[in-house]
Amino acid sequence: MASALSGCGVNVRKAGIAEPPTPPPESRRVPVRFGELQAKLRRGDVIGGYVIGFTCIGPFDPITWTSGRAMMDRAEVADLFHEEMSTAGYDVAGNPNRLFEVAEDEERAELVVSAQITDVKMNVCRKMGWWLVQSDIVGEEVEASIKVDWTVYSRLERRMVLRTSTWGYHAGGAATEDGKALAMEQAFAGAVANLAADPGFAAAGFAAPDARSTMPALETGGGIGRAGPAAGMATDGAARLQAVRLPALPPFTTPIQDHAEAVTGATVLVSGGTGHGSGVLVSRDGLLLTNHHVVGEAERVRVVLADGTAVVGKVERRHKPRDVALVRIEGRGLPALPVRTRPLTVSEDIYVVGAPLAERMRGTVTRGIVSALRRDRLTGLEEIQADASVQGGNSGGPLVDAQGNLAGLTVSMRTVPGSQASAGLNFFIPIGDALDRLRLQVGGPEIGGPEIGD
């Protein structure tokens, strides 16, 4: 076919497929996912030649670009990306073969790879018999090449970490609209395979191994949506063997106004998935609590401290039914809140700290009272109801008592029917239950694991 179409009206670049890289020993596979797809071509641009005749040497009619800035179906392209990258050994988030929770799986991606089609070439030939009956096609030949400009964005560092370009080529198929589309898709797959072999991409996709954590891993509560009580409890018995101890911090005994900066200083912003939430430091060496729905299935999240310093946090433990997660950041001597061991009572004054609606609002403090102590009607788990104002972005942030001691974590709010306005019915996870589900104990005798923090 290469020789038959060599005289076509456009020069198709016959790009080969490079060998995929060999991951360095003990490297960490960084989760990646496919992002956006665009075509930097104008409607009417000539991208190839088409001929029907005795031979494939022309004259050719022009093939023009007719899709504007859109390209192939994004879902089809994302499938090709997943297949080629997975074959090359990368960890690709958002497996299209999963029937459920595909979007949830995508949230764990640390790198987002977007594609811009900057060059497309295609030649199509339909060979006829010498008897000049157009319906008697004796051969069809199609070839296509695509150039893709790639951008790789780090969600944790919030910057582009790589820009590169690759070509893909495909020959074969029918000279029909479907055949032309298939040729372009396969050429795109070749460009993906060549991206997988790019040394710069390999360096980003296969990172240095993590330092080994001293904390035993704990992950409970899979499934779709919020599980019933049995789903969380079924694994709790085995998890008790993995409990570890946090040193107790001296409790605050004077009104919160005396040390408001210490309370807001221990509150952090956590970015995971597509949005942001809040969190609270519970040890001076960098252990913090937040919601499971804030970190999702991510292994790493972006954490912004009260002074604006952004660091990467590693998710150490998570418990989905209780909607809590434990994250570790590097550091010593960090501000941390003492944990209140007594349950809250109805009508107590409380304060909530977090980043409502926007990241720039981090450190916002609101005040209220404990309205009720309830159990979730679906899970049967304990909840604190309070009227302190919270919004999206407060999730995972601290609920503290009148002295500033940590008493709970923000988890949800009720809205006015038909609007996004808060109904003043806000719910919080009791801190004791959050720690218990993550198998953390503050002070007291050690249970099956080392002391964490200082």
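Predicted model: local features only at pLDDT ≥ 70, side-chain atom pairs only at ≥ 80, totals over all residues.

**Surface charge**
- Asp73, Glu76, Asp79 and Glu83 come together on the surface as a patch of negative charge.
- One of them, Glu76, sits in helix H1, which covers residues 74–87.
- Glu76 has a relative accessible area of 39%, so it counts as partly exposed.

- S14 (residues 300–304) pairs with S15 (residues 310–319) in the antiparallel sense, over five bridges.
- If you want a spot to check, look at Val301, whose bridge partner in S15 is Gly313.
- The hairpin of S14 and S15 has five residues between the strands, and Gly308 there takes a positive phi near 95 degrees.
- S15 also pairs with S16 (residues 324–328), again antiparallel and over five bridges.
- Here Arg317 has Leu326, in S16, as its bridge partner.
- S15 and S16 make a hairpin too, with four residues between them.

**Positive phi without a glycine**
- Asp323 isn't a glycine, yet it has a positive phi of about 60 degrees.
- You'll find Asp323 in the loop between S15 and S16, and it counts as buried because its relative accessibility is 12%.
- Arg439 isn't a glycine either, and its phi is positive at about 60 degrees.
- Look for Arg439 in the loop between helix H9 (431–437) and strand S23 (440–442).
- With a relative accessible area of 4%, Arg439 is buried.

Technical notes: Residues numbered from 1 in each chain as written. Heavy atoms only, no water. Patch = residues over 30% accessible without salt bridge, like charges linked within 9 Å, V, L, I, M, F, W, Y side chains within 5 Å. Areas by Shrake-Rupley, 256 points an atom, 1.4 Å probe, with all protein chains shown as cover. Salt bridge = Lys/Arg side-chain N within 4 Å of Asp/Glu carboxyl O. Lys, Arg positive; Asp, Glu negative; His and termini not counted. Charge placed at Lys NZ, Arg CZ, Asp CG, Glu CD. Helix = DSSP H or I, 4+ residues; strand = E, 2+ residues; numbered from the N terminus. Buried < 20%, exposed > 50% of the residue type's maximum accessible area, 1.4 Å probe, protein only. Pairing = 2+ DSSP bridges.
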